[in-house]
Amino acid sequence: MSSTWLTTRAWLLMLPLLVVMISVIGWPLIDTVGLSFTDAKLVGTEGSFVGIDNYVKMISGSNFQRTLVTTAWFAIVSVAAEMVIGVLAALLLNQQFRGRTALRALMILPWALPTVNATLWRLIYNPEYGALNAALTQLGLLEAYRSWLGEPGTALAALIVADCWKNFPLVALIALAALQAVPRDITAASLVDGAGAFARFRFVILPYLAGPLMVALVLRTIEAFKVFDIIWVMTRGGPANSTRTLSILVYQEAFSFQRAGSGASLALIVTLLVTLLAVGYAALVRKTAGSAA
């Protein structure tokens, strides 16, 4: 069978998927690009051409700049915490102990459950009957119940904790799979040589984790940068816009304020930022893989 026929057959097999992707992603994207150059409203008018005015207003506006800082802070802190907790959990679950299989299964639950996680955390943070307030007051660490999601100083931190609890299992599963590839004879040899726990992790285990952890870092950073669901369910961007991320701002601009044109331009700006992150991380992954080889 010729290579030309194999290539043709491969494209024919992929054709239905390509048609679906063009219909579901390609055309809406083109339509959004066209909409972003108009002052169209969500209902009532198609709007007129305004050029790049929407982009200039969005980028130069204080709302966008504050929201970008909030989004970056949320992504950096949550992803960093998830990476550390996920690796520690993987190292624990890689040990031999009774109940390890059950614990591995339970660890997947926060990540496998849908956005009901956000509702559960709203109940935990509830200022009147929340479990967190009850636990802290009974331990003597808190004098009175607090509205964790109602105070600008604590709302973002509370969201980061909820996001870490939901997503660290993904990092842990990736790290745990990588740990299975660490040769036991190398680990045993390091023990014989008298290497401590940190030295074994740094020089024996970490090289095997570097590639998979980079993939986890890419996935989680992109997801955290465009987070919407957990923040919308728990705070809707409040209080005082202290937890408003770029995705929340896009929703408010397009649907709450019904400015479809500026909302489309903002959505494309967010898409460009996420694309730049993905390209940068892809280059970093290739560099890491090349140095490892």
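1. Contacts of L209. Leaving aside residues up to four places away in sequence, L209 touches A175, A178, L179 and F201, where contact means heavy atoms within 4.5 Å. This is a predicted model, in which local features need pLDDT of at least 70, side-chain atom pairs count only at pLDDT 80 or more, and totals for chains, interfaces and linings use all residues. Residues are numbered from 1 along each chain as its sequence is written, and side-chain values use heavy atoms, with hydrogens and water left out.

2. Largest nonpolar core. L209 is one of the residues that touch the most other members of the largest nonpolar core, together with F74, Y125, L213, I230, I231 and M234; this core has 43 residues. A nonpolar core is a set of buried Ala, Val, Leu, Ile, Met, Phe, Trp, Tyr and Cys residues joined through side-chain atoms within 4.5 Å. Buried means under 20% relative accessible area, exposed over 50%, and partly exposed in between (1.4 Å probe, protein chains only). At least two residues of this core come from each of α3 (62–93), α5 (116–124), α7 (152–179), α9 (197–225) and α10 (229–234). The largest share, 15 residues, is supplied by α7. Helices are DSSP runs (H or I, at least four residues), numbered from the N terminus.

3. Second core. A separate core of 15 residues includes F64, V218, I222 and F225.

4. The side chains of R220 and E82 form a salt bridge at 2.7 Å, N to O; the term requires a side-chain nitrogen of Lys or Arg within 4 Å of a carboxyl oxygen of Asp or Glu. R220 lies in helix α9 and E82 in helix α3, 138 residues apart, so the pair links distant parts of the chain. R220 is buried at 5% relative accessibility, and E82 is buried at 0%. A network of salt bridges links E82, D163 and R220.

5. Other salt bridges. The whole structure has five salt bridges. In one, R146 pairs with E151, the closest N and O atoms being 2.6 Å apart; R146 is partly exposed at 30%, as is E151 at 26%. In another, E253 pairs with R259, also with closest N and O atoms 2.6 Å apart. Here E253 is buried at 6%, whereas R259 is partly exposed at 33%.

6. Backbone points to check. The loop between α10 and α11 (246–256) contains P239, and the peptide bond from G238 to P239 is cis, with omega near -5°. R236 is found in the loop between α10 and α11 and, although not a glycine, has a positive phi of about 55°. Q258, also not a glycine, has a positive phi of about 60°. Q258 sits in the loop between α11 and α12 (260–292) and is partly exposed, with a relative accessible area of 34%.
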